[in-house]
Amino acid sequence: MPRYTIHIRDEWLTVPCRDSTYTIQWLGHEALKRYTKNKPDNGGIKKAVTDIKFFARRCQGQGLLDEDDTIEDVLEDNDFVEIAIEGDAMSSDFIPYQPGVSQLYPSIYLFLDGNSLTSTDLVNLGKGLYKIKLSPEAENGVVKSRELLDTIVKENKVVYGITTGFGKFARTVIPVHNPLTPERTRMLLALRINVLAKGYSGISLETLHRMIEAFNASCLSFVPEKGTVGASGDLAPLSHLALGLMGEGKMWSPKSGWADAKYVLEAHGLKPISLKPKEGLALINGTQMITSLGAEAVERALAIARQADIIAAITLEVLKGTSKAFDSEIHALRPHSGQIEVARRFRSLLHSDHHPSEIAESHRFCDRVQDAYTMRCCPQVHGIVNDTIDFAKKIINTEINSATDNPISFTGSEGETISGGNFHGEYPAKALDFLAIGVHELAAISERRIERLCNPSLSELPAFLVNEGGLNSGFMIAHCTAASLVSENKVLCHPSSVDSLSTSAATEDHVSMGGWAARKALRVVEHVEQVLAIELIAACQGIEFLRPLRTTTPLEKVYDLVRSVVKPWIKDRFMSPDIEAVHRLLLDQKVWHVAQPYIERYNMEFLPESRPSSPTAFSLDPPASPRKRVRLE
């Protein structure tokens, strides 16, 4: 018999339906009848149920349902529906459905073993591109670790977190309404599974398999983004992650939207986790909140840093700068890897025999000796950003595959558990504070280039890149937006890890504040993306005033990409959609993908050691390993 889960005010109800040709009106009245049945005052409803007017909305997609539609035409078995009584405000308990790529049901599995997951893999798991399986080696290790704990329990040994309690926080719900997005919760759950797969946590294979089943069904717990000090790991967020898996609190799935966890699990044929000795600690002790958010920050920082070089190259062309400052001999005398790489990218994109630029030729004999620092010093400024990202990525990738529980179970000849401090979040906290400080500089220098583009005394272009100035303000407000974001970043770049507050009755007397380090690093990266989106639009607008002259082939390709989503600025219009559209190009790395073949071709010609072993298409990501990924049969 089909059944449906209905949310009315602050309650969830299950309503069976014998005949799916019944209407939505019947379903609503039946749900209201059940809602009022056990209320002393009928829930404050004084009308007969059949006289109550209501609105019905499918939780998935938030689509309104017509009361005359038949159930079989608009709902599926086990669907989730919100009923709002006319005159009621939306229940404070109800969280709207959040659409996103987590709706995908992939056909490729990623094998987790606790040792080989990368930040790129983790972000792709968050996007819903893979399901999860344990490697056979990981399963064997998990079983051995659990057998050790079961022996400790049988022998009545006193071991923290196994035969002793660890507090009530696993069931403490923080009353907030700012959960992680489904994508970020997927990353958090995937990373916790990966750590448990190492076989040092004492988790049972049954519990780990249930976690994997929840991940593969996209049944994701309500996890507040705030509330961790990064000391004994991310206790509060990981407790919420475990809470949903236990059938308590809230959960999200593509089918249900946000609903009570027990109903979400039941609708997907899943059973709640029932904790065994030590499994409470195994589920909540670790740095996975810091690390999963940090992985996203690192990957996005890497993507925007690559594209920042391309954007700056276009600006240099528009401002009629010189490419001499990027000469390889200059940078060989200060051989920082990031600096050398950035200078090489500029050389691959700017005027050369391979890619002549009519714009560059037009000012070849000008009397300018050198350019402003914001153009001339891009290798030095962008370069250290690249090196900072590399440093942070190494820390994050090490943390991704680390055992961060306490105590840790060793299944060797002695078979013992040892209490330590691997849960402390100082490593990722410091790395992410450093990442924020480093990547911010891309926005700081970009904002100064935007100023040069908009300032006619510096650019020799119309003021604010628009004709009929005064009647039109052009890029004046866009530059203000960029300046505002850069200024906000200056505050966000204050390192959170320099702070520490003693918690847990002075047992946890030094904490990392890594959760805030991760969240603000993400905000800094997002602001950098937005500032560079503004610069890219402004630089392309500057090209309009230099026509019919053309820039180099790779930069013309980038110009064409931008013009596919943003028209030239003829007169003032609402600019926010333009910025959002170009921001999306940067998030999807489309600017990089357009320019990358030209950069790689240059590298192949001038750096023979960089020539790939196979003449296949270039890719940002390493090739998939058959051991790690397998298509669902």
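I began with the largest cavity, which holds about 60 Å³ of space. A cavity here is a set of points, on a 1 Å grid over the protein atoms alone, where a 1.4 Å probe fits but cannot get out. The volume is the space filled by probe spheres set on the points, which are joined across faces, edges and corners.

I noted that the model is predicted, that local features need pLDDT of at least 70 (pLDDT is the predictor's confidence in each residue, from 0 to 100), and that side-chain atom pairs count only at pLDDT 80 or more, while totals for chains, interfaces and linings use all residues. Residues are numbered from 1 along each chain, and side-chain values use heavy atoms, without hydrogens and water.

I then looked up the lining (residues with an atom within 4 Å of a point). R3, Y4, T5, T14, N78, Y263, E266 and A267 line the largest cavity. At least two lining residues come from each of β1 (3-8) and α8 (261-267). Strands are DSSP runs of E of at least two residues, and helices are runs of H or I of at least four, numbered from the N terminus.

Next I turned to an open sheet of three strands, in the order β8-β9-β10 with antiparallel pairing. Two strands pair if DSSP finds at least two bridges between them. The edge strands, β8 (220-221) and β10 (257-260), each pair on one side only. I found four bridges between β9 (residues 250-253) and β10; M251 has A259 of β10 as its bridge partner.

Finally, I recorded a mean pLDDT of 87, with 88% of residues at 70 or more.

Notes: 1 Å grid on protein atoms, 1.4 Å probe; cavity = no way out; pocket = protein on both sides within 12 Å on 5 of 7 lines; lining within 4 Å.
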